[in-house]
Amino acid sequence: MIAATTSNLSIQTPKHDQTGSATFQQIKERYQAAGQGHLLSFYDDLSAEEQAHLLQQLQDLNVERVNRIHQKATTCPSPMLNNQAALLAPLPEQCFDSILEASSEKTQEWQTIGLNQIAQNKVGVILLAGGQGTRLGSSAPKGCYDISLPSSKSLFHIQAERILRLQRLAQQQPDAVANVIIPWYVMTSGPTRPATVAFFQENDYFGLSSDNIVFFEQGTLPCLTFDGKIMMESKSQIAVAPDGNGGVYAALRGSGVLANMAERKIEYLHAYCVDNCLVRVADPVFIGYCVQKNADCGAKVVRKNAPDEPVGVVCLRNSAFNVVEYSEIDADVAHAINPKNGQLSFGAGNIANHFYTVDFLNKVESFEGDLEYHIARKKIKSVDLQTGEVVAPKQVNGMKLEMFVFDVFPFTERMAVFEVDRREEFSPLKNAPGTGQDCPETSRRDILQQHVRFIEAAGGKVVVGEDDKQVEGAPTLEISPLVSYSGEGLAEIVAGKSIKTPITIHTLEELRSNVF
């Protein structure tokens, strides 16, 4: 396991000498000039250790950047305030393809291109895993969550085994390197990192080499009052919050991950969110499609179920690629139909599943100052500057600023958008057990139903056993990703034969011994 690190500035405990006073004075003057001098209001009340802790934070924080971000986020007009019909446009045909419409020959062509890139150790994976399972009733990182599969595998476990299987498939390519490796770059948040690393260690990295798993943290930004003042969690601690999944770009650079990619000679990255149980990690079809398109940035999308489905849409906004949130789209625009195919003109539902070239990731720094930050108005526990007491507000009292992972889309030069089959590739885990939508039960159901389709597509028949409870209506048939990544390799065993549920298949040998 490689732990990506950030450079740490050090500041000694202030002393009453000229150097210490100058350090304190410089920080004080800098923050007063930035209009944030209140952060030192309780400095004299603190112990020497607390003073050092506070000064360290203030020295490390780019307060001028925080002010610029607040200024831009609160003064730039919404791009959706004017005529949407003029602002928004559907995706250009030349940058869009659909797996739902592609021939099997074309799909195989993309897959071969992707597998060849993986076989040359040119592909890495970025996992956005900073979230906790709070909505699921768990304080653990969301990737640790057990969706109650028969195998009891967590989301992390499922995804790790897909990487293992894909490495083995790529190893079979004619020009594969001696040891095919897909490095896994796992972005956590500060609160979730210790538990995430411990979970990987406790599970022996799910069979992967720890040398090829790199943990790094997304950044944070101070919480602000509505007039832009930085809030304090305590007299010696700035109130901060994660800077959104769009913080991945700065985190990749600041933690040394981009340097690690360069050292490994990685050229292409697949990035996705941890909560999608059906994600095809480092999907060779998607990789191959984007490589063939010579794309510098790519997005997987799913076809919207209905015009009013609450999902962001990948489209053009002011002639640039973007994701427009469902709440920002007028009804007339949402219901517009493409006369060529009868589908929604704005029907490319965003699922936070992306392709990048490493070159593009390295360019993000050059336009980072132009990226949008989004305001989330929240109830934020903070110190009352008059009394020094920590107050838990009953109403919204401040804002958290965050960036979304798709905010780089307007800066791409060669975008590729790839529509995939929702039932095969997208089942997010968002809600508490028992809610009936995007919850543990639906995640479990969607995986089990997919595995039934794997058998049926390979020419086999699934016989539902009398003792199969069929939770959520899905026959209890689980196939380990180590056996099959996306249904491949099963036909020679199951074609013309049957398999009875409930059953969990861990190996090909188990599959052979259970068909009849």
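Mentor: The axes of helix α5 (residues 104-119) and helix α6 (residues 155-171) come within 8 Å and cross at roughly 95°; helices here are DSSP runs of H or I, at least four residues, numbered from the N terminus, and axes are lines fitted to C-alpha atoms over the stretch in contact, with angles from 0 to 180 degrees between N-to-C directions. The two helices are therefore roughly perpendicular to each other (65 to 115 degrees). On α5 the contact is made by L115, I118 and A119, and on α6 by L166, L169 and A170, where contact means heavy atoms within 4.5 Å. These residues divide into six nonpolar, no polar and no charged (Ala, Val, Leu, Ile, Met, Phe, Trp, Tyr, Cys and Pro count as nonpolar, Asp, Glu, Lys and Arg as charged, the others, Gly among them, as polar).

Keep in mind that this is a predicted model: local features need pLDDT of at least 70, side-chain atom pairs count only at pLDDT 80 or more, and totals for chains, interfaces and linings use all residues. Residues are numbered from 1 along each chain as its sequence is written, and side-chain values use heavy atoms, leaving out hydrogens and water.

Now for another helix, α14 (residues 440-457). Its 18 residues should span 26 Å at 1.5 Å a residue, and its end C-alpha atoms are 26 Å apart, which agrees (the expected span is 1.5 Å times one less than the number of residues). In α14, 13 of 18 residues are buried (under 20% relative accessible area, 1.4 Å probe, protein chains only). After α14 comes G459, whose phi is positive, near 90°.

Key. Angles under 35 degrees count as roughly parallel, over 145 as roughly antiparallel, 65 to 115 as roughly perpendicular and the rest as oblique. Buried means under 20% relative accessible area, exposed over 50%, partly exposed in between (1.4 Å probe, protein chains only).
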